[in-house]
Amino acid sequence: MWLYLALAVLLYFVIRSYRERQQVDNLREKYVFITGCDSGFGNQLARQLDAQGLRVLAACLTQKGAQELERLTSDRLKTTLLDVTSTESIEAATIWVKECVGNKGLWGLVNNAGIAYPVSPNEWLTKEDYIKVLNVNLIGLIDVTLHMLPLVKKARGRVVNMSSIVGRLSTMGGGYCPSKYGVEAFSDSLRREIHPFGVSVAIIEPGYFRTSMTDIPKNLEILEQQWIKVPEEIKESYGRPYFDAFYEMFKYNLATRCCTDLYMVTDCMQHALISKYPHTRYSAGWDSRWIFIPLSYLPTSIIDFVLTRSAPKPAQAL
């Protein structure tokens, strides 16, 4: 019995390994549009897919980012400027993409653009702080998708949405976690709706990685600015020692938890675009796969204990 079970398990992994390596045909004729290519995952994915021979259409926020990406890639790669918070900018980018792809349609849409800060206890923030992040990470992603979807349907292609492990398990205050929960919900409904058209939707759920969003000086500077703006009554309830301890904890986490191997994420994105059998979700990073995913299935009381056991105590805590 045990022999048959072992053979069955071995056969499963052999078949799975074979399927994982199967790629779609005619990669050099396929167009992929990527947002947020100035730096980080988007920049690396654009260069990675260009090296694979795909026709990359890279959207950058700044002219400097676009010029630097063009310098590092082949003549196949084309760039445009895009602000995902502006519908006018998205409309212009959509017209540009249509002109680039012609009758082929758009094989891949990668919604990668995103911001993280401000990150702090929720009570230190304002509605505008949340709107700033949600407009980029969620509303902008939805707006880009709705504009580009007819082109993706024409190619029977792929939509790849950048979420995060904090789209499953909220670990910080601010707009970042709510925005990623929203990306998960939008992607799930979209996947079910457009599957009949031959279009697949993949969700990327990275853990902590070293990108511009996790830049230590920038995050700490914004955290200090947030504390300065907090009303005096709220400051008193938390106390300066709380801020100092939170500051040091935040700094330590940014310095020690962020993985520098961005290929762990971009390889997942690439697989979602070129594999014959793409996954629905990709857990990118060891912390995502082996810590946060398992933790998210535990009872809430255990999750709360694990995530708050080393947190500082407010001055007026009971």
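Lys153 lies over the face of Phe197, 4.1 Å from the ring centre, where a charge counts as sitting over a ring if NZ of Lys or CZ of Arg is within 6 Å of the ring centre and within 35 degrees of the ring normal. Lys30 is placed over the face of Trp107 in a like manner, at 4.3 Å from the ring centre. The model is a predicted one, in which local features need pLDDT of at least 70 and side-chain atom pairs count only at pLDDT 80 or more, while totals for chains, interfaces and linings use all residues. Residues are numbered from 1 along each chain as its sequence is written, and side-chain values use heavy atoms, with hydrogens and water left out.

Helix α5 (residues 127–155) packs against helix α6 (residues 176–194) at an angle of about 20°, with the axes 7 Å apart; helices (H or I, at least four residues) and strands (E, at least two) are DSSP runs, numbered from the N terminus, and axes are lines fitted to C-alpha atoms, for helices over the stretch in contact, with angles running from 0 to 180 degrees between N-to-C directions. The two helices α5 and α6 are therefore roughly parallel to each other, given that angles under 35 degrees count as roughly parallel, over 145 as roughly antiparallel, 65 to 115 as roughly perpendicular and the rest as oblique. Their crossing is right-handed, a crossing being left-handed if the near helix is turned anticlockwise from the far one by less than a right angle, and right-handed if clockwise. Among the contacts, meaning heavy atoms within 4.5 Å, residues of α5 including Leu134, Leu138 and Leu141 meet residues of α6 including Val183, Phe186 and Leu190. By class, this contact of α5 with α6 has 12 nonpolar, four polar and one charged residues, where Ala, Val, Leu, Ile, Met, Phe, Trp, Tyr, Cys and Pro count as nonpolar, Asp, Glu, Lys and Arg as charged, and the others, Gly among them, as polar.

Helix α5 also has α4 (residues 87–101) as a partner, and the axes of α4 and α5 come within 10 Å and cross at roughly 25°. That makes α4 roughly parallel to α5, and α4 passes α5 in a right-handed crossing.

Another pairing joins helix α7 (residues 216–229) and helix α9 (residues 240–256), which pack at an angle of about 160° with their axes 10 Å apart, and α7 and α9 are therefore roughly antiparallel to each other. Trp227 of α7 and Phe243, Phe246, Tyr247 and Phe250 of α9 are among the residues that make this contact. Those residues also belong to one aromatic cluster, together with Trp124, Tyr238 and Tyr242. The structure holds 13 aromatic pairs, in which rings of Phe, Tyr and Trp (its six-membered ring) pair if their centres lie within 6.5 Å, with planes under 30 degrees apart counted as stacked, over 60 as edge-to-face and the rest as tilted.

The backbone has two further points to look at. Most residues other than glycine have a negative phi, and most peptide bonds are trans. A cis peptide bond, however, joins Tyr117 and Pro118, with omega about 15°, and Pro118 is placed in the loop between β4 (108–111) and α5. Asn26 has a positive phi, near 55°, and lies in the loop between α1 (2–20) and β1 (31–34).
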